[in-house]
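Hi there,

Here is the structure I said I would pass on to you. Have a look through it first, and my notes follow below.

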Amino acid sequence: MSESLSESPALKPLRVAVVEDDPTLRLFMKKLIQKPAHGFEFDGAWASAEEAVKPIIDSRPHVVIVDLELPKISGIELIRQLSPRLIETAFVVLTIHDNPDKVFEALRAGANGYLLKSSKPNEIAAGIRQASEGGAPLSQDIARLLIKSFQTPATPQKKEIPSLTPRESQVLERLAQGMVPKELAYDLGISYETVREYIKAVYSKLHVRSRTEAVIKYLEHQA
């Protein structure tokens, strides 16, 4: 899944769509998105991938919230189909599944983030905002699972990827920690434009097109 390195569309409401087969959860998400304080715009909700494909392609929302367990075509397959065609759209999984294998399957399909349905409403809203800004929102439980799955006590030190410069490695590490480009620039004491150039270099050297793909390569390298 590809992502834009452009500035966040702060002056316009974020258009958010939902693909969820549970009618109660669809209504909950609609109300959450329409809450004025969040600055979102409800772009539609559908009960199946089949119903969602055409309107999402036509509308090109900023963020699409996707359940994994849809009736026929799965949420993962929907993301896999749409993410290459909608490179400016962020796809965020919202599910009950906290299995690391499911997480990686979704991320490899092109998901930008992975949130649990047990998350608090303000956490879901924050995840939507973070995904729209190029971040990779993860529920705390999911983040802990991923970290645990890649922990290797015998090799506690980080493994640098040989093709990257030390600064590029720092950038990639912070991307894996969930920082968005503006946060990364502040943390490293460099300009936003410089961060953009480093991220482009990292993508090029790792042969990836998105933050999610880059983070997966980073995590796999640490295993």
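**What I found**

Setting aside neighbours within four places in sequence, Ile 56 touches Val 19, Trp 46, Pro 61, Val 64, Leu 82 and Leu 86. Please keep in mind that this is a predicted model.

Ile 56 also belongs to the largest nonpolar core, which has 46 residues. Along with Ile 56, the residues with the most contacts inside that core are Val 19, Tyr 114, Leu 172 and Leu 206. There is a second, separate core of 17 residues, and among them are Val 16, Leu 32, Ile 33 and Ala 90.

Now to the helix around Ile 56. Which residues of helix H2 (residues 49-59) are buried? They are Ala 49, Ala 52, Ile 56 and Ile 57. These residues lie on the same side of H2, because they cover an arc of only 115 degrees around the axis. On the other side of H2, Lys 54 and Asp 58 are exposed. The packing partners of the buried H2 residues are strand E1 (14-19), strand E2 (40-46), strand E3 (63-66) and helix H3 (75-82). After H2 comes Arg 60, with a positive phi near 50 degrees.

A word on confidence: the chain has a mean pLDDT of 84, with 86% of its residues at 70 or more. Confidence is highest in E3, at 97, and lowest in helix H6 (residues 140-150), at a mean of 66. For residues 1-10 the pLDDT is below 50, and this stretch has 33 contacts in the model beyond near neighbours in sequence. The pLDDT is also below 50 over residues 152-156, a stretch with two such contacts.

Best wishes

Conventions: Residues numbered from 1 in each chain as written. Predicted model: local features only at pLDDT ≥ 70, side-chain atom pairs only at ≥ 80, totals over all residues. Heavy atoms only, no water. Core = buried A, V, L, I, M, F, W, Y, C linked by side-chain atoms within 4.5 Å. Buried < 20%, exposed > 50% of the residue type's maximum accessible area, 1.4 Å probe, protein only. Contact = heavy atoms within 4.5 Å. Helix = DSSP H or I, 4+ residues; strand = E, 2+ residues; numbered from the N terminus. Arc of directions from axis to C-beta. pLDDT = per-residue confidence, 0-100.
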